[in-house]
Amino acid sequence: MADDNYNFQSIQGRWQDELGSFALSNDELTESSHQSSKSKIIYVLEMLPYPSGRFHMGHVRNYTIGDVVARRKRMEGYKVIHPIGWDSFGLPAENAAMQDGEPPQTWTISNIRDMTELLKKLGYMYDWPRELSTCSPEYYTQEQKIFLAFYKMGLVYRKESYVNWDPVDQTVLANEQVIDGKGWRSGAVVERKFLEQWSVRITAYAEELLAGLEDLRGHWPDNVLKMQENWIGKSSGAIVDFELVEQSGSISVFTTRPDTLFGASFVVLSPDHELSKQLAQTNSAISEFAEKCGKVATTEEAIERMEKEGIFTGLHVKHPVVKDKHLPVYVANFVIIDYGTGAVFGCPAHDERDYEFATKYDLQITPVIASDDPLPYSGDGPHINSDFLDGLHVAEAKEKMIQYIEEKRLGHREITYRLRDWLVSRQRYWGCPIPIIRCKKCGDVPVDQPLLLPDDVSFDGKGNPLEKHPTWKHTICPKCGEPALRETDTLDTFFESSWYFLRYLDPNCPDPINWDVGKVSIPVDLYIGGIEHAVLHLLYARFFMLALRDAGYVSGGIPFKSLLTQGMVLHAAYKNSSCEWVYPEDVTRRDGKLVDSLGNEVTEFPAEKMSKSKKNVVSPESIIESHGVDAVRLFIVSDTPPEKDLDWNTNALDGALRFMRRVWKAFNIILAKREQGGEDTLLKPMHRHIKLISEKYDTNSLNKIVALIREFFNEIESKLESEAGSSLLQSFEAFIKMLCPIAPFICHEMWEKLGHTAKLNDEPWPQYDESLAAADVVTIAVQVNGRVRTTFDIEKDSEDEPVIQMAFEMLGSEYSREAAKKVIVVKDRVVSIVY
């Protein structure tokens with residue numbers, strides 16, 4: 001007889017080491033080619049964490065989803081690759097070194113140790129021998145080989161250019177890392193600087209990256225594909241040459257709307273355009289304006305919000321298609337040098353930005369597309385005031401205008417991309433050293449030997465510690481033997497996270513990638529992470545696969561076959577009368593009011609992303625201690641579809657613990673009467689639930705899995721007194737197997753106590769008989785206050801109680817049964833709930 005008391009601490013202590021450790025050798029993956037194939041291998045991966053020292057509940061949700069999938073696939077007989085590692089370079093470690101005087105290495109290693117302990121507590125089935133840390137020399141020296149391969153291919157280059165400068169982090173940012181004009185990490189307003197930097201020629205793959213999105217359709221979320229498509233930003237149009245009037249030369253303009261040329265009333269230049277810089281040398285007003293523009297970010301988001309300003313250059317250009325018409329030339333803050341040619345013509349009647357500028361500076365506005373809508377009008381319609389284009393709609397007019405300017409040699413057809421080359425230089429110590437030596441005689445010289453970071457650096461918060469190191473940057477050129485300098489910039493940390501999933505396959509390989517393992521395991525079958533990485537990390541990883549293919553390291557082009565972007569974990573925030581944030585655990589309801597631990601009334605704010613500053617965080621350690629790992633894991637996947645945001649709900653967490661206790665109680669009853677024979681009335685419900693739950697596992701519908709598991713348990717629980725022990729045992733063992741991926745600790749404990757010598761980890765997934773699984777099923781609509789909120793299928797003629805329980809399971813924790821004023825069941829049709 002097992003202990004009637006559900007002691008989750010004791011159960012966790014018994015099983016933690018076994019459940020948190022799993023290893024699959026490469027020999028098992030690459031066993032003879034006629035036996036091994038991708039169809040037998042499943043690679044499940046969650047985005048690797050940054051070792052900040054503490055996990056939050058968003059991490060727990062992410063890794064629980066992956067672990068549930070990995071455990072189920074293993075029980076199905078797949079060889080499962082499920083590794084973990086650490087994205088361990090980056091500024092926080094350097095900031096900690098400045099604040100505490102602790103070396104980044106020490107801080108990082110200590111945090112990894114603490115976070116590893118929590119991962120093992122949570123019972124995640126990781127292949128720990130594959131663990132890697134991107135700050136380890138074993139990792140980043142292999143990355144240097146990749147960098148040099150890209151360098152030799154011409155994909156990496158160094159040049160002077162305008163860059164986004166974060167004045168707080170004192171480093172350069174890629175365009176993708178500037179969010180709303182601010183640094184993605186520091187939140188500081190980004191400035192423009194002209195610096196010599198290393199970039200990766202991602203634009204060389206723009207068309208292939210765009211075309212590759214089609215291969216991912218149906219496997220990646222549509223919104224992620226759309227975000228990448230927009231970021232790549234393919235534009236078809238024309239280059240049009242505007243001849244200068246007051247001096248020789250012309251201004252070349254790229255436009256996606258050559259059909260609106262007859263409505264052009266001005267030309268504007270970027271402050272960084274060559275002509276702008278020439279004019280600034282002799283015109284102080286233009287020089288001051290350009291300097292002012294250089295202090296603000298020039299991302300599209302920042303430009304969209306800023307007031308459109310410009311300065312007249314004193315120059316004019318000839319209108320290319322209207323005889324004897326001259327257009328004024330301005331330098332303006334809304335034109336960027338990195339897009340097109342750094343010059344645009346303005347057609348204010350049909351572009352909101354141009355309209356704002358023309359209105360401000362009293363410039364001509366000539367409609368060229370007929371519409372009853374107010375200006376600026378950007379839709380389709382017949383052209384007017386456009387000579388040979390009159391009457392044509394936009395698509396036809398575009399094509400005719402391009403043909404015209406090519407015939408008249410006024411320009412040519414052009415395709416361009418919004419995507420810019422990836423700037424990878426970072427002015428910091430804690431990153432992968434760039435393996436290049438700068439020699440005055442030989443130029444840039446690749447370093448073929450591993451280049452390690454020095455340990456003896458000082459952090460004062462002023463600039464790059466490598467640049468200030470007294471000896472490290474000084475070296476000898478391997479070509480000419482003369483004194484030379486090492487490159488002191490380090491690589492953007494997104495460089496490390498763009499290929500780590502390949503290194504997991506063999507973290508000890510003397511080459512960066514073991515493709516013998518990769519060719520049977522790549523692409524990753526299921527990749528799990530946040531939507532915030534839709535452009536940055538996921539785009540870079542796709543680029544890396546293409547570039548590594550061309551470098552000869554891999555033969556595939558897709559890094560991740562399926563993508564699941566899990567939602568955030570949200571929590572209400574509370575503020576007291578002194579306008580101070582209060583921790584949720586200190587808030588209780590008393591006499592109908594929310595009060596803190598001192599009895600002061602508090603105000604509740606809507607649920608939002610957990611934040612330390614607002615104290616609406618929940619410590620994973622504390623809830624593991626109070627509720628147990630299995631209850632936490634059950635709750636984190638039960639209420640909401642994985643891709644949706646999850647509102648933290650303490651009542652639902654308590655409900656998960658109550659469910660664990662009910663399961664344990666039922667187990668003890670079944671254990672006591674398992675030898676009893678008799679009629680089996682659970683056989684059909686068992687096969688039906690195995691089928692339904694298996695189908696939901698196949699689509700990663702975890703919240704629906706939990707609802708069906710609870711429904712199946714309710715069936716078993718309702719028969720504890722009347723059903724034969726042997727029948728209960730058969731159904732309960734199937735129940736244990738299906739619950740195991742979600743709640744592995746209690747399931748392994750029960751399995752062993754039922755007398756099984758083989759570990760549950762090694763048991764096969766339960767199978768169903770189609771003839772027994774088939775049942776007369778009806779679809780029940782669930783109404784809340786007269787509105788249908790959800791539906792579910794259940795066996796015809798079911799009793800009211802399991803129908804009601806299923807209804808509330810499907811609704812989730814937002815709807816409490818206790819708070820309902822009335823619950824009405826219309827047999828086999830509707831559950832109506834009134835609040």
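Arg72 has its place in helix 3 (residues 57-75), where helices (H or I, at least four residues) and strands (E, at least two) are DSSP runs numbered from the N terminus. The model is a predicted one, in which local features need pLDDT of at least 70 and side-chain atom pairs count only at pLDDT 80 or more, whereas totals for chains, interfaces and linings use all residues. Residues are numbered from 1 along each chain as its sequence is written, and side-chain values use heavy atoms, with hydrogens and water left out. The relative accessible area of Arg72 is 3%, so this residue counts as buried; the term stands for under 20% relative accessible area, with exposed meaning over 50% and partly exposed the range in between (1.4 Å probe, protein chains only). When residues up to four places away in sequence are not counted, Arg72 touches Ser694, Tyr697, Asp698, Pro741 and Trp765, a contact being defined by heavy atoms within 4.5 Å.

Across the chain, the secondary structure comes to 27 helices and 35 strands, and the C-alpha atoms fill a box of roughly 105 × 75 × 65 Å along the principal axes. Of the 835 residues, 55% are buried. Among contacts between residues at least 6 apart in sequence, 71% join residues at least 24 apart.

The largest nonpolar core, where a core is a set of buried Ala, Val, Leu, Ile, Met, Phe, Trp, Tyr and Cys residues joined through side-chain atoms within 4.5 Å, holds 192 residues, of which Trp422, Phe501, Phe732 and Phe735 touch the most other members. Helix 21 (residues 650-673) gives the most to this core, with 12 residues. Apart from this core lies another, of 38 residues, among them Leu315, Val317, Val329 and Val331. The contacts of Trp422, not counting residues up to four places away in sequence, include Trp198, Ser199 and Val200 as well as Phe494, Phe495, Phe543 and Phe544.

Strand 9 (residues 191-200) pairs with strand 5 (residues 156-166) in the antiparallel sense over 10 bridges, pairing being assigned if DSSP finds at least two bridges between two strands. Within this pair, Gln197 of strand 9 stands opposite Lys159. Strand 5 also runs antiparallel to strand 6 (residues 171-173), to which 3 bridges join it, and Asp166 has Thr171 of strand 6 as its bridge partner. Strands 5 and 6 form a hairpin with 4 residues between them, and Gln170 in the turn has a positive phi of about 55°.

The second largest pocket has a volume of about 1000 Å³. Of the 32 residues that line this pocket, Thr256, Tyr339, Val344, Asp351 and Arg353 are the closest to its centre. On a 1 Å grid over the protein atoms alone, a pocket is an open set of points where a 1.4 Å probe fits, with protein on both sides within 12 Å along at least five of seven lines, and lining residues have an atom within 4 Å of a point; grid points are joined across faces, edges and corners, and the volume is the space filled by probe spheres set on them. At least two lining residues each come from strand 10 (234-243), strand 11 (250-255), helix 11 (300-305), strand 15 (343-346) and helix 12 (352-360), with the largest share, 4 residues, supplied by helix 12.

Ser458, in the loop between strand 20 (443-446) and helix 14 (465-468), is exposed at 53% relative accessibility.
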